[in-house]
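Student: I would like a close look at one kind of side-chain pairing. Please take me through a single example slowly, then show me its surroundings.

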Number of protein chains: 2
Amino acid sequence: MVPLQHPIQVVSHLTGLSPHVIRVWEKRYGAVTPARTDTNRRLYSDAEVERLRLLARATEVGHKIGIIAKLEMADLRRLVATVSMGVHGLDAVSHAAPEAGTPLKETKMGGSVVKPWMPPEPEGAAVGPLPGSAEQSDARLVVEALEATRSFRSDALQRVLEQGSVRMGHNGVLHRLICPLAQEIGELWQRGEVTAAHEHFASAVIRDFLMRSARPYATEDGAPRAIVTTPAGQLHELGAVMVAAAAANLGWRPIYLGPSLPPAEIAGAALQNSARAVLLSIVYPADDRWLPRDLIQLRKLLPPSVEIVVGGRSARAYADVLKEIGAISPDGLEELSDLLEEMREESGAEEGQSGSVAGGNGA
Amino acid sequence: MVPLQHPIQVVSHLTGLSPHVIRVWEKRYGAVTPARTDTNRRLYSDAEVERLRLLARATEVGHKIGIIAKLEMADLRRLVATVSMGVHGLDAVSHAAPEAGTPLKETKMGGSVVKPWMPPEPEGAAVGPLPGSAEQSDARLVVEALEATRSFRSDALQRVLEQGSVRMGHNGVLHRLICPLAQEIGELWQRGEVTAAHEHFASAVIRDFLMRSARPYATEDGAPRAIVTTPAGQLHELGAVMVAAAAANLGWRPIYLGPSLPPAEIAGAALQNSARAVLLSIVYPADDRWLPRDLIQLRKLLPPSVEIVVGGRSARAYADVLKEIGAISPDGLEELSDLLEEMREESGAEEGQSGSVAGGNGA
DNA sequence: TTGAAATTGTCTAGTGTTTGTCTAATTTGA
DNA sequence: TCAAATTAGACAAACACTAGACAATTTCAA
């Protein structure tokens, strides 16, 4: 079976490049080296067509053909990716290009499978060919959720979350599905394999889901209150949302303020609510030089009776300050849960603050 | 794997800075020191691109390039994050910004009143000049909601919302309670009478409420899809949430991406979803120098069949660009609703646009 | 407030490089 | 025979580089 080859005319049509240009790119920059017929006509393989497309795409946005012509395919793809979207990106964006196609999944050209989207996962047949242990089915849900996120399918993502909720319970879904999912998305985001839009999207859906399912528990009236937010500069709210949900599940009454607030505002909210604790999530960046300052100021603004609890992937990067201000810094959601449980119990007795009266419960 | 480098034009595209500016920033302030080709052309690394982006964002909000050009990355990140999020003088000032004033808003100068939320609705005349008791009770609910917001009482706020929902219906609560409430909060925020924390808090609760109550309608399968978000730099998501809810109520399937996304990401999401429209809310910075650029780029990235609809208090401040890119800019939530209704009906027929056919080759 | 000084985005001009297009002469294919 | 591919070379438009000038703002002291 001869691997399908295309004459220059066809390639021109496929790539949008004129035959002239294609030839000149070959001659001057060695961009491709097509096979030839006996009579010296060019014959392009699918891979070469793909390559030319990528090159065309890159030059469209300002890259110099003379420089990129020699890049390897992998690099080329990265290049096109970073250029078509913001700094982080994957392919997609095909405005003028007639190609369209499945932007997310594989971009299956002739035979070359172009970069599956879960890089190192040897997830050959992820969908559970092996008899699923609980863990495996958990993992499967995570993968499904990830896929839904990739394609912006909010209904699918919700369905997965609800499936998980039924299967694992409120708390289980938080620890075993959402937590790893968030982590995975975070990593993909940092690697640039997922865009900020994906991250926002997933945040929105998950937040929505958590808020909704955690609500019932939030109505207890004597529950100790906790301010949940992220410090100024920390824009990723997913961690905070998870913390809020966990707190609600454990009989706290979280007051969720969204991401990125300066210390004064956090403290203000805490005081107005007679909060028992301030729960902060710190994920990215991990090298914020002002964060320590802010934390110290926050500590100063809060009465000593209010605990500051800091979690999140990058919390440990600020260990010094955390220690200095006496913040508690649990390792992982589990530990946080234990901690909250503990705090709630012990606060039950001494509690004499406001709260109590307020108003009835929600209808 | 070669460390990818970008020529100046690409960087310009990526950062929104003109090549002139990029060069001048290098020459005058040493903002970056790109590598060079043999022939003296500039080549920027990813890190340098990010740096320029941050610088661009920072200058956009009033920082002096001459001062911030030499800052380290961590500082820059912080600067941008703080400034964009917290905004109001308060804490942001103490950091690196020597200028005590609020660099952004000079809107509330002399007697010039800040614009009302969605254009001046001649309230009295529209609904009923008679001192309707309905209106009065509406107003009462708004006041109650405002009170709840001020004291961070999420349950109370929710209760008000639900009361409103029962009394006015899904759509009514959106137009008659949430919309004026959002407007009120926005104004109080600009006057500095409530903090960003209040605004975040209310956003979270309202968003949660809307998402929950609007959901049932969203599941229709043939519904046209709409990307809902705010352009980069626009951090107030309440308007977008309201739009999403309105769209859902009208038989659309909104894909809500949260606030502040760059054009490439919005376009990417739209393409992946075969969205019929992109709905943007523009509220706060009414003088963002970059927004026009971003909007133009967005238009370029989207196929012509995708409508761009822009609403929000400050939309009219960008009327020129909106006209240029052929965006629809409804005046107020009512008009938006009508528009969406119309679009949905007419889109029923033509339907499927997404490229579907992937590779042109045999495959 | 005013006015000088500094800041900063934009523009011009002159030079060299890069790159798409074009021509001409030949060969191939239907 | 005619349309299209092939090569090599020529060419001009577009682009990037430097250095400097300019005008609009902002800053800051009087």
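Student: Which residue forms a salt bridge with B:Asp208, and how far apart are the closest N and O atoms?

Tutor: The partner is B:Arg212, and the closest N and O atoms are 3.8 Å apart. A salt bridge here is a side-chain nitrogen of Lys or Arg within 4 Å of a carboxyl oxygen of Asp or Glu. This is a predicted model, in which local features need pLDDT of at least 70, side-chain atom pairs count only at pLDDT 80 or more, and totals for chains, interfaces and linings use all residues; side-chain values use heavy atoms, without hydrogens and water. Residues are numbered from 1 along each chain as its sequence is written, while chains are lettered from A and ligands numbered from 1 in written order.

Now place the pair. Both residues lie in helix α10 (residues 196-214) of chain B, four residues apart, about one turn of the helix. Helices (H or I, at least four residues) and strands (E, at least two) are DSSP runs, numbered from the N terminus. B:Asp208 has a relative accessible area of 5%, so it is buried. B:Arg212 is at 23%, so it counts as partly exposed. The cut-offs are under 20% for buried, over 50% for exposed, and partly exposed in between, with a 1.4 Å probe and protein chains only.

Salt bridges can also share partners: A:Glu26, A:Arg36 and A:Arg42 are joined into one network that way. Over all chains, the structure holds 23 salt bridges.

Compare a pair in chain A. A:Arg207 and A:Glu237 meet at 2.7 Å, N to O. They link distant parts of the chain, 30 residues apart: A:Arg207 is in helix α8 (residues 196-218), and A:Glu237 is in the loop between β3 and α9 (238-249). Both residues are buried.

Next, A:Asp331 and A:Arg316 form a salt bridge at 3.1 Å, N to O. A:Asp331 sits in the loop between α12 (319-324) and α13 (332-350) of chain A, and A:Arg316 in the loop between β6 and α12, 15 residues away. A:Asp331 has a relative accessible area of 49%, so it is partly exposed. A:Arg316 reaches 60%, so it counts as exposed.

What about a charged residue without a partner? A:Arg51, in helix α3 (residues 46-60) of chain A, is buried yet has no salt bridge. The nearest side chain of opposite charge, A:Glu48, is 7.7 Å away. For charge, Lys and Arg count as positive and Asp and Glu as negative; His and the chain ends are not counted. Strand β3 (residues 225-229) of chain A and β4(A) pair in the parallel sense over four bridges. Two strands pair if DSSP finds at least two bridges between them. A:Ala226 stands opposite A:Pro254 in β4(A).
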